[in-house]
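Please keep the structure in view while reading.

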Amino acid sequence: MVNYITINFGTTSAAPKAVEWDKAMIIGDGSPSSLTDSKLYALTTEDWSSQLVEDGFSLTDQFYESVAIFFAASPTPQNLFGYAHLSGAVITYADVPMDYVSGDVWEIPIKPPAGFQAGQEQVKFWCCGEDIGTGTSTINAANGSLGVAFNVEKDPADNWTGRLGFPNGLSGETCGIVKPLTSDCKITVSFTAGSQANISSVLSEYNINMVSMALENDATLKNYTDTIFGVSQLDDMMIIRNMIAGKSVEWFYALPGDAEPEDVITDTSTYWKDLKNLLGAREDISAIKAKPSATNDDMASGLMGMVSATHPHKQVGFAEPHMGILEPEPLVNQGKWADGQISTIMKRTELAGNPLLLTFGFTFGSGDASKIEGVRCRYIMAQTLRNQLWGLLAERDTLMSYEGCQAIKARIRGAFKILTDQRIIDKLVTVYIPIEEDLRKNTEAGRIARQQQTVPAVEIEYEWYTSLEKIIITRAENIAT
């Protein structure tokens with residue numbers, strides 16, 4: 001039984017828009033076209049080619065080819081977002097609401113990939129419990145030089161995670177002293193970021209759930225001839241990794257076709273076989289490796305198209321990719337790539353027709369939860385629960401009572417009925433709210449929960465691929481009394 005995910009609920013005035021799980025996006029270089037600024041495309045099977053050609057993309061541009069490969073998957077995906085990136089001036093964001101994580105840590109949904117521009121950050125603390133538009137704020141500027149100190153949190157590779165830590169809590173003339181900070185507080189951040197931050201904003205606004213970079217090899221296939229963000233292929237990877245941090249997004253990345261496990265990644269001292277160590281044990285990143293055909297097919301976009309059009313509970317690791325492959329990966333490399341959990345395209349000679357199959361269908365995570373289809377199922381399940389429970393609590397008429405707990409349980413069962421019918425999970429086992437009996441019997445614990453307007457925990461057990469798994473929802477809040 002695995003506690004693999006925690007869902008936090010904070011007070012909200014309206015339910016979020018529902019997430020559709022056929023939304024994928026290809027990010028590519030827009031400079032070969034006639035564009036003067038970065039552009040987001042909403043593409044369909046009927047109009048994708050005409051949209052791109054009208055904006056000046058040629059049939060041989062990598063961005064165009066990657067979109068074509070995505071729609072060539074079988075069964076055919078129905079829609080795709082394309083983001084043609086052009087480097088440009090910095091972008092200024094004002095009063096972006098931060099999301100509460102835990103303790104004194106908050107997260108910015110729109111993540112400047114390289115962190116704050118020096119001296120440009122400004123954090124505003126609003127009186128806890130007051131509306132963000134009406135309360136009086138305490139301003140903290142320049143990383144703590146004025147007001148309350150905060151830390152820009154980074155990962156082991158020294159890249160910003162999009163999170164800020166406030167070690168001293170919140171202090172101000174109007175708010176008094178609050179430590180630790182809680183989700184009842186309101187915090188916004190103003191900052192200046194590079195033009196890449198636009199992509200992170202798009203991911204949030206349109207609920208993109210899968211991302212691929214359009215990558216072009218040179219004649220030797222060892223290294224990509226172009227970078228999307230104008231630095232290096234490693235920087236491309238790190239920027240995308242930071243953009244998807246904290247979002248329910250899977251990212252598909254294709255290694256250069258001729259790359260060997262012992263080859264060093266350009267501009268680094270890291271071998272390709274150690275890519276997992278460089279990017280971390282992330283369950284939302286999947287790297288694949290095969291030598292594409294002479295047309296420089298984008299393997300990541302092809303696999304993403306196949307996953308987009310395939311039911312998420314299907315073992316994509318044994319589904320044949322519909323993409324051009326010059327040569328399958330040599331068997332001698334199979335174990336070397338597996339150590340880094342890099343998926344490889346192999347010719348399965350023991351099967352009729354010698355099909356080319358994706359031998360490893362794993363992300364960089366570990367265990368059963370790191371399979372591509374497993375990660376996707378969990379993201380769908382988590383967002384379905386958020387949609388349903390946010391919708392219930394946003395109505396503001398669910399009482400903080402035993403009956404209110406029954407309403408929460410009924411909404412969860414309804415959500416899992418949908419998930420079971422769609423074969424996202426196998427079966428709901430139990431829904432348990434520890435505080436419900438205290439609310440029914442009006443014990444001290446029940447009275448505290450009613451006073452705080454918080455259901456402190458909801459436990460859900462379900463079956464997925466014959467294993468029993470558990471979700472813990474740590475907070476469910478409502479203002480109804």
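Two strands are taken to pair if DSSP finds at least two bridges between them, and the elements themselves are DSSP runs numbered from the N terminus, with helices being H or I runs of at least four residues and strands being E runs of at least two. This is a predicted model, in which local features need pLDDT of at least 70 and side-chain atom pairs count only at pLDDT 80 or more, while totals for chains, interfaces and linings use all residues. Residues are numbered from 1 along each chain as its sequence is written, and side-chain values use heavy atoms, with hydrogens and water left out.

**Strand 20 and its partners**

Strand 20 (residues 343-347) is joined to strand 17 (residues 285-289) by 2 bridges, and these two run parallel; to strand 21 (residues 356-358) it is joined by 3 bridges, in an antiparallel arrangement. Serine 343 of strand 20 is the bridge partner of isoleucine 288, and leucine 356 in strand 21 is the bridge partner of lysine 347. Strand 20 is mostly covered, with 4 of its 5 residues buried, where buried means under 20% relative accessible area, exposed over 50% and partly exposed in between (1.4 Å probe, protein chains only).

**Helix 6**

Helix 6 (residues 299-309) is largely enclosed by the rest of the structure, because 10 of its 11 residues are buried; among them are Met299, Leu303 and Val307.

| Atoms or groups | Distance |
|---|---|
| Glutamate 469 side chain, arginine 378 side chain | 2.5 Å |
| Glutamate 469 side chain, tyrosine 462 side chain | 2.6 Å |

Glutamate 469 belongs to strand 25 (residues 467-477) and is buried, with a relative accessible area of 4%.

**Nonpolar cores**

A nonpolar core is a set of buried Ala, Val, Leu, Ile, Met, Phe, Trp, Tyr and Cys residues joined through side-chain atoms within 4.5 Å. The largest has 73 residues, of which Met25, Trp251, Tyr253 and Leu275 touch the most other members. Helix 4 (residues 233-244) gives the most to this core, with 7 residues. Apart from this core lies another, of 34 residues, including Ile7 and Tyr462.

Note on methods
A polar contact is a pair of N or O atoms within 3.5 Å; within protein, one must be able to donate a hydrogen and the other to accept it, and residues adjacent in sequence count only if both atoms are side-chain atoms.
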